[in-house]
Amino acid sequence: MDTNTFAPPLTKNTPSKNTFELPKQSSVIVIGAGAFGGWSALYLLRAGYHVTLIDAWGAGNSRSSSGDETRVIRSTYGANKIYFDLNVRALELWKENEARFGKKLFHNAGVIWFCYNEKTPVVDDSMPFAKVHRMEYRYLSPKEINKIYPIVNTDDLHHAWLDPFGGYLMAKQSCQAVLERFVKEGGNFIQAFVKPGKITSEKMDSIQLSNGETLTADAYIFACGSWLSQIFPEALANVITCTKQEAYYFGVPSSHSLAFDQFPAWIDVDGKDHYYGIPGNGNRGFKIGVDKHGVKFDPTDGERLADPKVLADARKFIEHRFPPLKGAPLVENRVCPYENSPDGNFIFDFLPGAVNAFVLGGGTGHGFKHGPALGEYVASVFMRKRDHLSFRFLK
Ligand SMILES: Cc1cc2nc3c(=O)[nH]c(=O)nc-3n(C[C@H](O)[C@H](O)[C@H](O)COP(=O)(O)OP(=O)(O)OC[C@H]3O[C@@H](n4cnc5c(N)ncnc54)[C@H](O)[C@@H]3O)c2cc1C
């Protein structure tokens with residue numbers, strides 16, 4: 001199993017000694033309207049700052065990591081309590097915000113973990129946190145799996161764990177809903193490509209926009225996903241790497257259409273290919289995603305074409321795990337960039353050399369679900385409700 005995505009290690013970095021506090025009414029520019037930037041802009045606005053959000057291609061655009069149809073939401077993170085707790089908060093905030101937005105964004109379909117061995121640390125080690133939060137999983141023997149989900153082949157499974165609290169999120173739609181709400185609540189949105197300005201006396205003086213404008217603010221947050229290493233090659237080239245990730249949507253047979261649509265989000269803990277999937281997908285088909293990290297990728301110019309070998313392997317797997325999908329047609333596919341940090345932990349830190357510019361990113365294939373909780377966290381750091389930043393620190 002890819003520990004970076006499913007359960008990043010507890011960070012060994014010591015918390016930054018640098019603190020930051022920005023008085024209310026100060027101006028903040030957030031660059032990038034994906035899951036990280038969009039939610040941060042909204043929560044900073046709600047905290048009383050004047051916020052401008054800028055994106056080169058729009059919120060949830062298809063080049064971005066946040067631009068797919070759906071994303072899994074799960075608290076399970078192995079022994080990593082930080083993300084378990086963050087997701088518990090995120091779940092609360094997804095529900096609260098979707099009610100405010102008047103849009104269904106969270107689907108509580110549950111998450112089923114297919115386990116090959118008696119011990120599966122990525123799930124087992126989260127049990128104590130699940131207990132504390134009263135979010136316990138349900139153990140399913142192969143017999144029980146067959147009874148409840150006859151579309152599953154359990155031949156190679158020892159058991160499954162069903163997390164009834166998770167499910168999936170509407171991804172692109174959420175980014176657009178967040179932006180809509182941000183503007184409605186008084187935020188300013190600009191569609192333009194941003195180049196960072198010079199840093200003098202530890203302060204970024206301005207940013208340049210592709211429309212010719214120069215903007216200044218009291219603080220800048222660069223939430224540019226996979227692009228971060230291109231924007232700050234000196235500081236981030238070895239920190240954020242971008243890989244090509246593929247997801248496929250297979251057409252389910254009409255005889256089993258409901259059974260597939262009502263299936264939970266699923267994760268196969270096989271330890272090598274890291275397949276996962278999501279039902280429904282806005283009627284696009286049954287999704288299988290490949291979490292195994294792909295080849296290096298350019299998020300701007302990379303062609304979004306499926307690799308025939310990756311597709312053939314995914315097809316073989318999905319036919320094995322879900323026998324009714326034997327011979328199922330591929331109806332759509334997507335290529336998305338992962339914005340990988342070195343160990344899978346998120347990054348929220350000062351841009352090296354600056355006291356008023358921040359880097360927010362490193363979602364590493366698992367960031368989407370945390371968007372609102374991370375946004376709330378970013379705002380709390382600016383308001384000095386927290387003494388220090390606790391997500392991975394740049395040297
Ligand atoms: C295939 C795939 C499956 C995933 N599955 C899951 C999952 O099931 N659950 C989960 O929680 N997470 C998942 N993730 C991870 C999650 O989607 C990402 O971690 C998250 O979306 C990252 O959001 P972001 O805002 O950091 O980046 P992005 O969404 O990439 O947003 C960055 C934004 O910055 C803009 N931008 C970049 N450079 C500039 C510039 N210079 N000027 C202006 N704008 C700029 C871009 O246009 C873009 O909109 C998955 C990711 C992929 C690719």
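Strands here are DSSP runs of E, at least two residues each, numbered from the N terminus. Everything in these views comes from a predicted model.

**View 1. Gly361, a buried residue in strand β22.**
Start with Gly361, which sits in strand β22 (residues 357–361). Is Gly361 buried or exposed? It counts as buried, because it has 32 C-beta neighbours inside 10 Å and 20 or more is what it takes. Setting aside residues within four places in sequence, Gly361 is in contact with Phe36, Ala223, Cys224, Gly225, Leu228, Ile240, Glu339 and Ile347. Pick out Cys224 from that group: it lies 137 residues from Gly361 in sequence, yet their C-alpha atoms are 7.1 Å apart.

**View 2. The largest nonpolar core.**
This core holds 114 residues, and the ones touching the most other members are Ile31, Leu44, Trp113, Tyr220, Ile221, Phe222 and Val378. Helix α2 (residues 35–46) supplies the largest share, eight residues. Zoom in on Val378 and, residues up to four places away in sequence not counted, you'll find it touching Ser40, Tyr43, Leu44, Phe348 and Leu360. As a bit of background, nonpolar side chains tend to be buried together in soluble globular proteins.

**View 3. Helix α3 crossing helix α12.**
Here α3 (residues 81–101) packs against α12 (residues 371–382) at an angle of about 100°, and the two axes are 7 Å apart. That angle makes α3 roughly perpendicular to α12. On the α3 side, the contact is made by Leu86, Arg89, Ala90, Leu93, Trp94 and Asn97, while α12 brings Gly371, Pro372, Ala373 and Glu376. Sorted by class, the residues of this contact are six nonpolar, two polar and two charged.

**View 4. The shell around the ligand.**
Which residues come nearest to the ligand? Of the 40 around it, they are Gly32, Gly34, Gly225, Gly363 and Gly367. Two or more shell residues come from each of α2, β2 (50–55), β3 (70–73), β16 (241–250) and β20 (330–340). Strand β20 gives the largest share, four residues.

**View 5. Two loop residues with positive phi.**
Most residues other than glycine have a negative phi. Gln25, in the loop between α1 (3–6) and β1 (27–31), has a phi near 80°. With 9 C-beta neighbours inside 10 Å, Gln25 counts as exposed. Ser201 has a positive phi too, about 45°, and is found in the loop between β11 (199–200) and β12 (203–204). Ser201 also counts as exposed, with 7 C-beta neighbours inside 10 Å.

Technical notes:
Residues numbered from 1 in each chain as written. Predicted model: local features only at pLDDT ≥ 70, side-chain atom pairs only at ≥ 80, totals over all residues. Core = buried A, V, L, I, M, F, W, Y, C linked by C-beta atoms within 7 Å. Buried ≥ 20, exposed ≤ 12 C-beta atoms within 10 Å, placed from the backbone. Contact = placed C-beta atoms within 7 Å. Axes fitted to C-alpha atoms, helices over the stretch in contact; angles between N-to-C directions. Parallel < 35°, antiparallel > 145°, perpendicular 65-115°, else oblique. Nonpolar A, V, L, I, M, F, W, Y, C, P; charged D, E, K, R; others polar. Near = placed C-beta within 6 Å.
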